Amino acid sequence: MSEQKSKDKYGREFFEKPRARKMNVFNRSFRFGGSTAETHANDIFKLFENYEENKKPKILGILCDNGPDFSPSSWLVFSYMGKLWKDLNLDQLIICSYAPRSSRFNPIEIAWGTLSQALAQITLVSDHQKYNYKENKEDLRLMFIQAQDELKEIWSKTLYAGKQVNCVNISPSCEESPYREYDKVKDALKHGRNSENHQIYKEHFQFLLSHCVKRSYYLHFKKCKESGCEFCTANPIKNEQAYEFLEKFDKQLPRPILFEGFYGGDHYPSLLDLMNNEDLQKMHKEKEELFKSTEKENICKKCKWYHESAADKSRHKRYCK
Ligand SMILES: [Zn+2]
Ligand SMILES: [Zn+2]
């Protein structure tokens with residue numbers, strides 16, 4: 001790989017971080033709809049529309065908290081992120097979340113600090129009496145729209161990583177797009193064969209299962225190289241070099257593992273450390289095998305999907321061919 005590399009304060013080698021682009025914030029109201037796996041997919045879909053066709057990213061990595069709307073263990077997230085991977089014609093889409101009690105390391109927490117600082121001592125819709133808003137749904141909706149407008153004005157002037165924040169307001173009860181089938185997907189997942197939506201989504205889930213790697217805190221969709229796969233033959237891999245690179249560790253990103261002989265056992269080796277050090281690779285492989293042997297009971301023999309729970313296992317069985 002020809003990318004620039006850099007070292008952090010512990011001496012770990014990394015690919016140079018991509019230059020931070022604009023930070024994008026989508027505002028919607030929990031009272032009028034809130035965030036779901038579907039709204040996240042809609043937001044990301046819109047962000048991709050901002051790219052020129054030949055500059056669209058080929059691989060998307062998502063670092064998320066373990067909330068139900070973005071957890072790699074949620075079937076709704078599986079369905080919508082898989083749909084996004086397909087519709088955006090991405091080579092790969094990887095979602096990782098931090099282990100419990102580690103979400104403070106998530107860069108979004110740091111980004112939020114900047115946004116909340118911009119709101120210090122500010123009351124949104126401070127002049128609501130002037131508009132004579134009443135306590136009914138329609139007035140609440142109007143008041144929320146006003147709050148969104150004021151928020152946008154403040155955050156659009158806020159700088160993050162030297163760039164102005166891009167603030168997108170999703171108005172309450174607006175028709176979101178392109179995905180608008182949340183209840184149907186939910187129903188199909190919940191009731192299986194007893195759902196009238198089962199047939200609509202069955203093939204979608206089956207297809208996604210044959211194109212993903214799932215372990216705890218990790219979900220990874222990728223194109224295959226099977227000549228019989230209609231989708232991947234029609235939409236071939238665009239970045240072969242990155243594809244080969246990501247296949248090296250058991251066809252997935254290596255699991256983060258601490259080693260006593262490396263960084264005092266306090267810090268995880270980086271991906272490049274692993275790539276460049278054969279001893280470390282061997283140690284990693286041994287530990288990985290150990291993990292797998294303890295997880296054996298919870299791994300699907302056909303597709304290696306990691307079952308999060310008994311409910312997950314029976315749902316998985318429904319779609320795994
Ligand atoms: Zn395929
Ligand atoms: Zn399976």
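Reply: The crossing of H2 and H6 is right-handed; a crossing is right-handed if the near helix is turned clockwise from the far one by less than a right angle, and left-handed if anticlockwise. Helices (H or I, at least four residues) and strands (E, at least two) are DSSP runs numbered from the N terminus. This is a predicted model, in which local features need pLDDT of at least 70 and side-chain atom pairs count only at pLDDT 80 or more, while totals for chains, interfaces and linings use all residues. Residues are numbered from 1 along each chain as its sequence is written, and chains are lettered from A and ligands numbered from 1 in the order in which they are written.

Me: Which residues of H2 and H6 make the contact?

Reply: Trp75, Leu76 and Ser79 of H2 meet Val185, Lys186 and Leu189 of H6. Contact requires C-beta atoms, placed from the backbone, within 7 Å.

Me: At what angle do H2 and H6 pack?

Reply: Two packed helices are described by the angle between their axes and the distance between the axes. For H2 and H6 the angle is about 130 degrees and the axes are 10 Å apart. That makes H2 oblique to H6; under 35 degrees counts as roughly parallel, over 145 as roughly antiparallel, 65 to 115 as roughly perpendicular, and the rest as oblique.

Me: Which residues touch the most other members of the largest nonpolar core?

Reply: In soluble globular proteins, nonpolar side chains tend to be buried together. A nonpolar core is a set of buried Ala, Val, Leu, Ile, Met, Phe, Trp, Tyr and Cys residues joined through C-beta atoms within 7 Å. A residue is buried with 20 or more other C-beta atoms within 10 Å of its own, exposed with 12 or fewer, and partly exposed in between. Here the largest core has 27 residues, and Leu76, Val77, Tyr80, Met81 and Leu93 touch the most other members. H2 gives the largest share of this core, 8 residues. Beyond its neighbours within four places in sequence, Leu76 is in contact with Ala37, Val185, Lys186 and Leu189.

Me: How many residues of H3 are buried?

Reply: The count is 0 among its 12 residues, so H3 is hardly covered. Helix H3 spans residues 107–118.

Me: Is Ala99 buried or exposed?

Reply: Ala99 is exposed, with 11 other C-beta atoms within 10 Å. Ala99 is found in the loop between E5 and H3. Over the protein, buried residues make up 20% of the 321 residues.

Notes:
Contact = placed C-beta atoms within 7 Å. Expected span 1.5 Å × (residues − 1). Axes fitted to C-alpha atoms, helices over the stretch in contact; angles between N-to-C directions.
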